[in-house]
Amino acid sequence: MNTLHLLSHSPFTDSRLSSCLRLLSIHDGILLSGDAVYALQAGTAQRQALELMPDGIALFALEEDLLARAIGDVPARVRCLDYPAFVELTLRYAKVNSWL
Amino acid sequence: MAKSLLLISRQAPWSGPGAREALDIALAGGAFDLPLAMLFLDDGVLQLTQAQQPAQLQQKDLTANLQALPMFGVEALYACNRSLFERGVDSGALNLPVELLDEHGLSALLQRYDLVITL
């Protein structure tokens, strides 16, 4: 029963991202949208934590949120999505957990 | 003599109205010649990065309004060095000329102003 975790808040102002990383299972996925894409900013502890996740954990980010925030040069393991792909992705996981 | 005002902007640019509202206060205050300064703190420093594309989110550009601050007489612009560092933002490539402050500089700044508003 794999879970897709949806994060949309800034990783610098609260502990959603770090809590999510603590309770992930090996074949879960993380989708970053909104201010959560700031976690991919180069040179941050948050990006390093995401890069060090086990390979089995898929990492996704909404492309329009990356572009709006001028975050380029994302790690190779990140798959960039648009909204239709986001919807499709949610259907591929048994559960979706939104970190509201 | 009008009271001096320090505006602390701590919201990221595209997650809600906070960043724009702080900027609107600064521009309005500047237009009325109030002695006013603006400090970018925490996620507020993310407003200062270059090459943002808010049109991707159907939002209006904030950078042009930020760059209007000096024209409205708001020239006392500061950013928290630690906030920039934690977020991986290059302090040498910002869209606005700001003075960088360490913790000591921040508390000294707050003491210099009569009023403080944090958004």
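Biologist: Read along the sequence, what pattern does chain A follow?

Modeller: Some conventions come before that. This is a predicted model, in which local features need pLDDT of at least 70 and side-chain atom pairs count only at pLDDT 80 or more, while totals for chains, interfaces and linings use all residues. Residues are numbered from 1 along each chain as its sequence is written, and chains are lettered from A and ligands numbered from 1 in the order in which they are written. Helices (H or I, at least four residues) and strands (E, at least two) are DSSP runs, numbered from the N terminus. Chain A reads β-α-β-α-β-α-β-α-β, with four helices and five strands. The radius of gyration of chain A, taken over C-alpha atoms, is 12 Å, close to the 13 Å of the globule rule for 100 residues, so chain A is as compact as a globular protein of that length. That rule is 2.2 Å times the number of residues to the power 0.38. The C-alpha trace of chain A spans about 35 × 30 × 25 Å along its principal axes.

Biologist: In what order do the strands of the open sheet in chain A stand?

Modeller: Strands of a sheet pair through backbone hydrogen bonds, either parallel or antiparallel. Two strands count as paired if DSSP finds at least two bridges between them. In chain A the five strands have the order 4-3-2-1-5, with parallel pairing. Strand 4 (78-81) and strand 5 (95-98) of chain A are the edge strands, and each pairs on one side only. From one strand to the next the twist averages 25°; axes are lines fitted to C-alpha atoms, for helices over the stretch in contact, and angles run from 0 to 180 degrees between N-to-C directions.

Biologist: Which residues stand opposite Leu6(A)?

Modeller: Leu6(A) stands opposite Leu31(A) in strand 2 of chain A and opposite Ser98(A) in strand 5 of chain A. Strand 1 of chain A pairs with strand 2 of chain A in the parallel sense over four bridges, and four bridges also join strand 1 to strand 5 of chain A.

Biologist: Which residues lie on each side of strand 2 of chain A, and are they buried or exposed?

Modeller: In a regular strand the side chains alternate between the two faces of the sheet. A residue is buried if 20 or more other C-beta atoms lie within 10 Å of its own, exposed if 12 or fewer, and partly exposed in between, with C-beta atoms placed from the backbone. In strand 2 of chain A, Gly29(A) and Leu31(A) are on one side and Ile30(A) and Leu32(A) on the other, and all are buried. Buried residues make up 33% of the 100 residues in chain A.

Biologist: What is Leu32(A) in contact with, beyond its neighbours within four places in sequence?

Modeller: Contact means that the C-beta atoms of two residues, placed from the backbone, lie within 7 Å. Leu32(A) has such contacts with Leu7(A), Val37(A), Ala39(A), Leu40(A), Phe60(A) and Ala61(A). Leu32(A) is also among the residues with the most contacts inside the largest nonpolar core, which has 48 residues. Such a core is a set of buried Ala, Val, Leu, Ile, Met, Phe, Trp, Tyr and Cys residues joined through C-beta atoms within 7 Å. Strand 2 of chain B gives the most to this core, with five residues.

Biologist: How many residues of chain A are in contact with chain B?

Modeller: 15 residues of chain A are in contact with 17 residues of chain B.

Biologist: What strand order does the open sheet of chain B have?

Modeller: Chain B has an open sheet of five strands in the order 4-3-2-1-5, with parallel pairing. Strand 4 (99-101) and strand 5 (115-118) of chain B each have a single partner strand, so one side of each is left without a neighbour in the sheet. Strand 1 (residues 5-9) of chain B is joined to strand 5 of chain B by four bridges, and Ile8(B) stands opposite Thr118(B). Helix 1 (residues 18-31) of chain B packs on the sheet, at about 160° to the direction of strand 1 of chain B.

Biologist: Are Asp73(A) and Asp42(B) buried or exposed?

Modeller: Asp73(A) counts as exposed, with 7 C-beta neighbours inside 10 Å, whereas Asp42(B) is buried, with 20 other C-beta atoms within 10 Å. Phi is near 55° in Asp73(A) and near 50° in Asp42(B), in each case a positive value in a residue other than glycine. Asp73(A) lies in the loop between helix 3 and strand 4 of chain A, and Asp42(B) in the loop between strand 2 and helix 2 (63-67) of chain B.
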